[in-house]
Amino acid sequence: MCLWMLKFSVTQNKHMLPIKYDFTSPILTTRLERPLRERELRECNGCYNPNEDAIGNKESDLFLSEGDSWGFTSDEEFLEVIAAARSFSQSSENQDGIPVKQRLLVVANKLPVSAVRKGADSWQLEMSVGGLVTAVLGVKGFETRWIGWPGVNVSDEVGRRALTKKLSEKRCIPVFLNEDIVHQYYNGYCNNILWPHLHYLGLQPEDRLANTRCFESQFDAYIKANEMFAAVVNEHYGEGDVVWCHDYHLMFLPKCLKMYNKNMKVGWFLHTPFPSSEIYRTLPSRSELLRSILAADLVGFHTYDYVRHFVSACTRVLGLEGTPEGVEDHGKFTHVAAFPIGIDSNRFIRALELPQVRSHIKELQERFSGRKVMLGVDRLDMIKGIPQKILAFEKFLEENPDWHNKVVLLQIAVPTRTDVPEYQKLTSQVHEIVGRINGRFGTLTAVPIHHLDRSLDFHALCALYAVTDIALVTSLRDGMNLVSYEYVACQSSKKGVLILSEFAGAAQSLGAGAILVNPWNITEMAASIAYALNMPADEREKRHQHNFTHVTTHTAQEWAETFVSELNHTIAESQSTTKQVPPLFPVRTAIENYLKSNNRLIILGFNATLTDSGDYLGRKSDQIKEMEFRLHPDLKQPLEKLCNDLKTTVMVISGSDRSILDNNFRRYNIWLAAENGMFLRCTKEDWVTTIPEISNMEWVDSVKHVFEYFTERTPRSHFEVRQASLVWNYKFADIEFGRIQARDLLQHLWTGPISNANVDVVQGGRSVEVRAAGLTKGAAIERILGNIVHYKRMKTPIDYVLCIGHFLGKDEDIYKFFDPELPPEPTIMARAEVMRPVKVAVSKFAASKSGEEAYFTKGLRPSATSVWQPTSYNDSSPQDGSSVLDLSSENYFSCAVSRTQSAARYRLGSADNVVSFLKELAWCS
Ligand SMILES: O=P(O)(O)OC[C@H]1O[C@H](O[C@H]2O[C@H](CO)[C@@H](O)[C@H](O)[C@H]2O)[C@H](O)[C@@H](O)[C@@H]1O
Ligand SMILES: O=c1ccn([C@@H]2O[C@H](COP(=O)(O)OP(=O)(O)O)[C@@H](O)[C@H]2O)c(=O)[nH]1
């Protein structure tokens, strides 16, 4: 079962089971239980009731300050908005016991106002139109500030100061962008590249001479603008605040914010669709943007499809591990989930009772009496499918002459992004089609299409929603589409029909009550219009009721509440899990203690520890992958220095075979342990076997057959046959297909060739390895150590051990082997009983601090068996009676690279960090 299916079935089961809540438990066990509990609590407290009438808490109303009616034309409407919003307060108390609300910094490209300059230091503010604005108007229960671009270029200081002051009255904080940035960032990268791309309209070829299509300079402006937003957020951020970034304009913001303060609580929500990874991956800046979004703590989308696409893009483009809950990137987990937006439904329902709306309704009823009215309300944007809608209406008229003069289409087309040439072209195209159809089907007294290139005020819009018989939403792609929700909210008496594009996010929630259409299929849309016009009243009633229930119970307030509460919870959760994550490697202490010690052992992994990340082209390419790992070029000198230090023994232990280690390390005076320690050499000597007793390798051929079978069927996969192991590797294959194949391969192995064989199967990030049983780095290390001590004729005990690697879980027993604070490791002892005295000695020794006595009486002692016998070094001086480890806890440094779940004491983020550390260590010594 794939992960997605798993999530789905779990969720379904949860729904089916009666859930009992423990109201005293601070963190509930599942992501489903918590929101349910919160909803239940709200209902218990009487503060969650979509139809409630009471007046809300004025303080909680975003952007409403004293005596301000916010562009609402009456006091009633002003009160409407206040009343509509109920606060689910997240308040805590200050020292005086006065409740303090959590501050919410909403960051969006545009402030919810447009500023009009009235004089050198005087400004007038007007409400903006748009889905995001409408929804965030519903955010209550927080001390909210909105940070964004005021929509005008203000180049003088006087003007900026005056506008900042004016905006502060509305709890808005401006980000001033200059004209050139706005052109390149907003018109260019946001609206000419990202917007069409996210809506599946594809990328136009780059034209470096036309500045509307020059990806690189526009992307630079995009980054610059995001950095400017980040600077303003940072300036206003206070500890405990929640920062909620919105939309495709600010994809780079989470990363910038975390660079200011890694503890900032950052959520990012996308209002548009997130396209399939096959589309997304054509975007030139695909990786940078994904990585930046992943810097957020919580990432939200309108629908589960968009979540799936995003996680899949992270997997396919960045090669990261995706789960149903989110994405892991180098140990950092980002939660990803669907949060479908809603509307403030009460605001619309109540508006219908207002006198001015009633008068609009009356006027419209008289104007269109005797005719059915269909309504379209869209920004004049190519994603809204306005030409398709009009052409479908034309086809309907063509096919249904009986309806001529009996039906009219009112299309409100709100001008938007008028500086972008594509939008200008669309306006002319729509006018041309409307003109043609009206010419074709109109009469001297009536036309079938009323097309308005303008926006309407709230009252006029509500009236239109209420009187029309059908709403036509034909978006080619649309994040959600709030117009469809608003229409449903206003249709209580008329029970009009909603024709809704299956490509709008709203189709996921209103799909059952609406008539879903494919806007590219004009014939189907024309038939749907006919069906809707002729729909019997009982069917209309049922469909409407279905949608009305959804719209009134999934409100904007609840959307915002859920997102912010999930963000708070995600952070609390990650704080509780970070405790289990090893702390960062203490570079300073490791170096200081190294310098103070007399006989040091440095054990290093190879792959993903000392290797080059292969980032040759930097931002210019995320494609070039190493065919074979190679030592990071920056390590050459430091490694040489460390290896030549008489007080230091350096060893590289790896799963790789001997030739790879030889190729990379033959020039150093170093110890190499290939195939997880099965083979050992000092570069001055030959390879020797440390575990000669592995003899039964009968399983190899059958495992090889399985690997061959899967290699043939998994393009770009390969396998390696080593002395005591076989590894099937799919790091170059399609990541998702590779994972599916790996699961299948494992099943084949378990049920077939290795079911009775004495082997271990080890699953790597992009590999499956079958090894002779018990062959781990931890199991090999004691013999290796014996060989080294013997060969070097060590007289001074090892008093410092540094063990750094990106090891598989099974191989992490090597960290435990040395750890003076850990009890004996049963698996290691089980592997080779001869090691028992060693482990006991080491762990006993841990109880004491270093010292001569401890060294001779409690240290590591050679046992009487083969472990201690050098396998090839012809040296007869035994170490009997002497110990080789004098390791105090503070001189032991085990460190996992790019892993957060590890048995190591510490962690480092990447091979690059290891390289920097080793450079510094070599330099200091
Ligand atoms: O301000 P504009 O550039 O004219 O654009 C207005 C908004 O359009 C987009 O809205 C999206 O958000 C809606 C609410 O979530 C959703 O229903 C709709 O499907 C989306 O298209 C845009 O994402 C916003 O940033 C703009 O402000
Ligand atoms: O003349 C108009 C037309 C539309 N709207 C509002 O614009 C928003 C459009 O949101 P939607 O999600 O449908 O699409 P978007 O424009 O955000 O892509 C809705 O809240 C409408 O009420 C408006 O206030 N006046």
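Predicted model: local features only at pLDDT ≥ 70, side-chain atom pairs only at ≥ 80, totals over all residues.
1. Shell of ligand 1. There are 20 residues around ligand 1, and those that come nearest are Y186, D247, H271, D478 and M480. Sorted by class, the shell comprises seven nonpolar, eight polar and five charged residues. Two helices, α4 (131–136) and α6 (179–198), each contribute at least two residues to this shell.

2. Polar approaches to ligand 1. An oxygen atom of ligand 1 lies 2.4 Å from a polar side-chain atom of D247. For D478, an N or O atom of the side chain is 2.5 Å from an oxygen atom of the ligand. The backbone also takes part: a polar backbone atom of G479 is 3.1 Å from an oxygen atom of ligand 1. On its own, ligand 1 has 560 Å² of accessible area, and the protein covers 92% of this.

3. Q184 in helix α6. Helix α6, named above for its part in the ligand shell, also holds Q184. Is Q184 buried or exposed? Its relative accessibility is 13%, so Q184 counts as buried, the cut-off being under 20%. The side chain of Q184 makes a polar contact of 3.4 Å with the side chain of S217. Leaving aside residues up to four places away in sequence, Q184 touches Y189, S217, Q218 and A221.

4. The pair Y189 and F219. Across the whole structure, a search finds 38 aromatic pairs. One of them joins Y189 and F219, whose ring centres are 5.3 Å apart; the pair is tilted because the planes stand at 50 degrees. Since Y189 belongs to helix α6 and F219 to helix α7 (residues 215–236), this pair ties together parts that are 30 residues apart in sequence. Both residues, Y189 and F219, are buried.

5. The pair F219 and F252. F219 also forms an aromatic pair with F252, which is edge-to-face, with 6.5 Å from centre to centre and 80 degrees between the planes. Here too distant parts of the chain are linked: F219 is in helix α7, whereas F252 is in the loop between β8 (242–246) and α8 (253–260), 33 residues apart. The relative accessible area is 3% for F219, which is therefore buried. F252, with a relative accessible area of 9%, is likewise buried.

6. An aromatic cluster. Ring pairs also connect F585, Y594, Y800, F893, Y906 and F917 into a cluster.

How values were computed: Residues numbered from 1 in each chain as written. Chains lettered and ligands numbered in written order. Heavy atoms only, no water. Near = heavy atom within 4 Å. Polar contact = N/O pair within 3.5 Å; in protein donor to acceptor, adjacent residues only side chain to side chain. Areas by Shrake-Rupley, 256 points an atom, 1.4 Å probe, with all protein chains shown as cover. Helix = DSSP H or I, 4+ residues; strand = E, 2+ residues; numbered from the N terminus. Nonpolar A, V, L, I, M, F, W, Y, C, P; charged D, E, K, R; others polar. Buried < 20%, exposed > 50% of the residue type's maximum accessible area, 1.4 Å probe, protein only. Contact = heavy atoms within 4.5 Å. Phe/Tyr/Trp six-rings, centres within 6.5 Å; stacked < 30°, edge-to-face > 60°.
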